[in-house]
Amino acid sequence: MCLTVQACWHWLRCAKGCIEMARIDLDLAHAYRPNPQQDSDYALLPLKMSFENGGAYALLGPSGCGKTTMLNLMSGLLQPSQGAVWFDGQDVTRATPQQRNIAQVFQFPVIYDTMTVAENLGFPLRNRKVPADQIRKRVGEIAEMLDLSGQLNQRASGLAADAKQKISLGRGLVRSDVSAVLFDEPLTVIDPHLKWQLRRKLKQIHRELKLTLIYVTHDQVEALTFAQQVVVMTRGRAVQMGTAAQLFERPSHTFVGHFIGSPGMNFLPAHMGPEGLQVCGLAVPLPPTQGQLPHGNLRLGIRPEYVRCASSSFDGALAMQVAQVQDVGTHFIVTASVQGQVFKARLAMMAEPLTVGSTVWCQVLNDKTCFYRNEEIVA
């Protein structure tokens, strides 16, 4: 059997029962302990957020930031300690995962070792009394998508961890009537090369089938290459939802600037007063294109990619001491210091070689520079 993603899409359109994706709205908070009194008592701080029908989303952040808690609140494995969950405008806060009609794929494979690959993939459909011929067809299509066609008759117990996780992915995708498919770090146990292939597969499946997919990860490459919209989280707070470009160009919170990018955004202490702008205690003239800045203490943020460096002074540049120069083949990473602050520049080429201990002049103000107060971006 040689079935394509297009064949699967055709089957979904023609199958009895249509895709029932849902818009998911959250207005809630959650604490695992009773009577939370302060921010640190919450696993998920109060938030309002919407996930549109057919969208591909990622929840991105470090371990313990609340990603899995949010996913489990959507699925019904948890009930929020405050607030509510809506699917297509219907309150499902007290509904079970079965009543919400979601599929969830966990970090570690959840399969039946005594069954074959085909039996594992078809299990959710058999539970719903789908006719046997439709099950065979659908299982064949999902197996083709995930490169499992040659293993359909093998027992799952003898398979490697990555193959078992592909079965888990397939079981999450096999039903055509789900409201959403939720993935909780599903590629953790899979080798890096296969990870890249499976991310491409998931993107292809989303593009063809228009399923609502919500994907939890701590890996920014996974999140930014898979999702149309990424929710960046830290310490139980969702600090920004946006496209990859929005998160990179205009991080709305300093954590986003630090977490997204390699290296992350540079941050320097700044102060705006009647005499103008000071950065690291040094006067820096504002360019004519810079809008009005509020007076008081600020933080200046600029990506290493947008820093211009030279070995001699030029307007608006700060003198810094070179601490390290790394040649990574496609570019150079220059690490320097200014008034005790570490600063990085990513340079495609260098007009003159820089040496450790030498002075480099770095431009920190241009149209890519952002300013922050209390960790939030200044408009």
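Student: Leaving aside its neighbours within four places in sequence, which residues is Met265 in contact with?

Tutor: Bear in mind that this is a predicted model. In it, Met265 is in contact with Pro251, Gly257, His258, Gly301, Ile302, Arg303, Pro304, Cys370 and Tyr372, once its neighbours within four places are set aside. Met265 itself is found in the loop between helix 10 (254–259) and strand 11 (266–273).

Student: Is Met265 buried or exposed?

Tutor: A residue counts as buried when its relative accessible area is under 20%. Met265 has a relative accessible area of 6%, and it is therefore buried.

Student: How far apart are the C-alpha atoms of Met265 and Tyr306?

Tutor: Their C-alpha atoms are separated by 9.9 Å, while the two residues stand 41 residues apart along the chain.

Student: How should I read the buried residues of a helix, and which are buried in helix 4?

Tutor: An α-helix has 3.6 residues a turn, so residues three or four places apart point the same way. In helix 4 (residues 117–127), the buried residues are Val117, Asn120, Leu121, Gly122, Pro124 and Leu125, and they pack against helix 5 (132–145) and helix 6 (161–173). After helix 4 comes Lys129, which has a positive phi, near 60 degrees.

Definitions and conventions:
Residues are numbered from 1 along each chain as its sequence is written. This is a predicted model: local features need pLDDT of at least 70, side-chain atom pairs count only at pLDDT 80 or more; totals for chains, interfaces and linings use all residues. Side-chain values use heavy atoms; hydrogens and water are left out. Buried means under 20% relative accessible area, exposed over 50%, partly exposed in between (1.4 Å probe, protein chains only). Helices (H or I, at least four residues) and strands (E, at least two) are DSSP runs, numbered from the N terminus. Contact means heavy atoms within 4.5 Å.
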